Amino acid sequence: MKSLGSIRRSFAPWADPAAKPYISFENITKRFGDFTAVNNLSLDIYEREFFALLGASGCGKSTLLRMLAGFEEPTSGRILLDGQDLRGIPPYRRPVNMMFQSYALFPHMSVEQNIAFGLKQDGMPKAQIAERVAEMLKLVKLEQFARRKPHQLSGGQRQRVALARSVAKRPKVLLLDEPLGALDKKLREETQFELMDLQQNLGLTFVVVTHDQEEAMTMADRIAILDKGEVMQVATPAEIYEAPASRFVAGFVGTVNLLEGRVMSRDGATLRIKGASGAEILVENAPDSVSSGEVAFAIRPEKIKVSPRQPAEGTPNVMAGEIFDLAYLGDMTVYHVRLADGQVVKASALNSARVSEDQLTWNDRAFVSFAPDAGVVLTR
Ligand code: ATP
């Protein structure tokens, strides 16, 4: 059997020009009175994709999900699902199911009754319901809890009942609004992997709303970063992290150093940037579109080396500073280095040896350096 990893690695319909999107938001605007919650947004999601809408509170991600579910209609634009325009189709007639932030389980019903509820309403024959419920209980590993009531379950177990209930009707698309919001950190992490397995095993399309970047990075095939009702970038977690499209995206996901500067020259794909401090930054593999003007060089802390020793003469991208702050996290150490112009650069180093010769501490003079291809140039 193929491992999840090998299936996921080859899954990239968005990169195939012949692939047809399964869900399309086309120029969607949603206004509440004179407030615009979603602004002319277009987005494609593919069948069997685990897609995350990520953004700060109020950016419009739940509104987007609610429009797909049919609880809200767009003010303008259209939503297509498998080629069909969803306008005017009531929620219960859409091949979409939504799992809410609060799981909304029926407190007086047992686990199996909760799971069976929607199937009963649809008039499914009894024997078939029993079979489906058993299948769902097995899927979420709650067989021995079938007779319990929700208050006799832990938060994580309740979450799994809600999940089983929302997939029992075999919707084509499952919408999840902050699905793990009620769980503590450890349980969240475990449940993330369970959700990914479940999505794979059922072959469903998942659209999940979250404000938790780690959660989106862990689970999703692709992430849309939203801000004020607009899409800032849609890409795989690795692309979002390594090649953010703007200062906003770079700063939203993970920690980043933004070194502002001005382009001095371009030679092939190599740029020379004059940083605000006067230091020169040499960048390789710069995007074709950049040859002048104000830019930011964005570089992640783990791509910056900190050393008490000055690198050899002629080494590009070396800046001198002083250790201003330091956090020992066990597996790694995070250094805040104050450069000559006052800017603080964050660098992190893995503590792969128990004792290091290069121990640096507060107020030590230190050199930060990075490779010319270790970061990206941003114009937005
Ligand atoms: P959160 O993570 O806090 O749930 P969100 O990104 O999901 O945030 P939405 O719920 O989509 O945000 O709301 C987007 C904006 O639209 C918010 O400013 C919200 O106040 C507003 N809004 C949402 N629903 C309504 C409504 N029915 N009437 C008026 N304004 C609304």
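How far does a polar side-chain atom of K61 lie from an oxygen atom of the ligand? The value is 2.7 Å. Keep in mind that this is a predicted model.

Let me stay with the ligand for a moment. Its surroundings include F32, F35 and A37. S57 places a polar side-chain atom 2.5 Å from a ligand oxygen. G60 uses its backbone: an N or O atom there lies 3.0 Å from an oxygen atom of the ligand.

Now the helices. Two packed helices are described by the angle between their axes and the distance between the axes. I will take α5 as the reference, and go through its partners in turn.

Start with α3, residues 111–121. The axes of α3 and α5 come within 8 Å and cross at roughly 25°. Angles under 35 degrees count as roughly parallel, so α3 is roughly parallel to α5. The crossing is right-handed. Who touches whom? On the α3 side we have V111, N114, I115 and L119. They meet V161, A164, R165 and A168 of α5. By class, that contact has 6 nonpolar residues, 1 polar and 1 charged.

Next is α4, residues 126–139. Here the axes come within 9 Å, and the crossing angle with α5 is roughly 135°. That makes α4 oblique to α5. Again, α4 passes α5 in a right-handed crossing. R132, M136 and L139 of α4 make the contact with A164, V167 and A168 of α5. The tally is 5 nonpolar, no polar and 1 charged.

Last, α6, residues 185–202. It packs with α5, residues 155–168, at an angle of about 20°. The axes are 11 Å apart. The two helices are therefore roughly parallel to each other. This crossing is right-handed too. From α5, the contact takes G156, Q159, R160, L163 and V167. From α6, it takes L187, T191, E194, L195, L198 and L202. That contact divides into 6 nonpolar, 3 polar and 2 charged residues.

Notes:
Residues are numbered from 1 along each chain as its sequence is written. This is a predicted model: local features need pLDDT of at least 70, side-chain atom pairs count only at pLDDT 80 or more; totals for chains, interfaces and linings use all residues. Side-chain values use heavy atoms; hydrogens and water are left out. Axes are lines fitted to C-alpha atoms, for helices over the stretch in contact, and angles run from 0 to 180 degrees between N-to-C directions. Helices (H or I, at least four residues) and strands (E, at least two) are DSSP runs, numbered from the N terminus. Angles under 35 degrees count as roughly parallel, over 145 as roughly antiparallel, 65 to 115 as roughly perpendicular and the rest as oblique. A crossing is left-handed if the near helix is turned anticlockwise from the far one by less than a right angle, and right-handed if clockwise. Contact means heavy atoms within 4.5 Å. Ala, Val, Leu, Ile, Met, Phe, Trp, Tyr, Cys and Pro count as nonpolar, Asp, Glu, Lys and Arg as charged, and the others, Gly among them, as polar. A residue is near a molecule or strand if one of its heavy atoms lies within 4 Å of it. A polar contact is a pair of N or O atoms within 3.5 Å; within protein, one must be able to donate a hydrogen and the other to accept it, and residues adjacent in sequence count only if both atoms are side-chain atoms.
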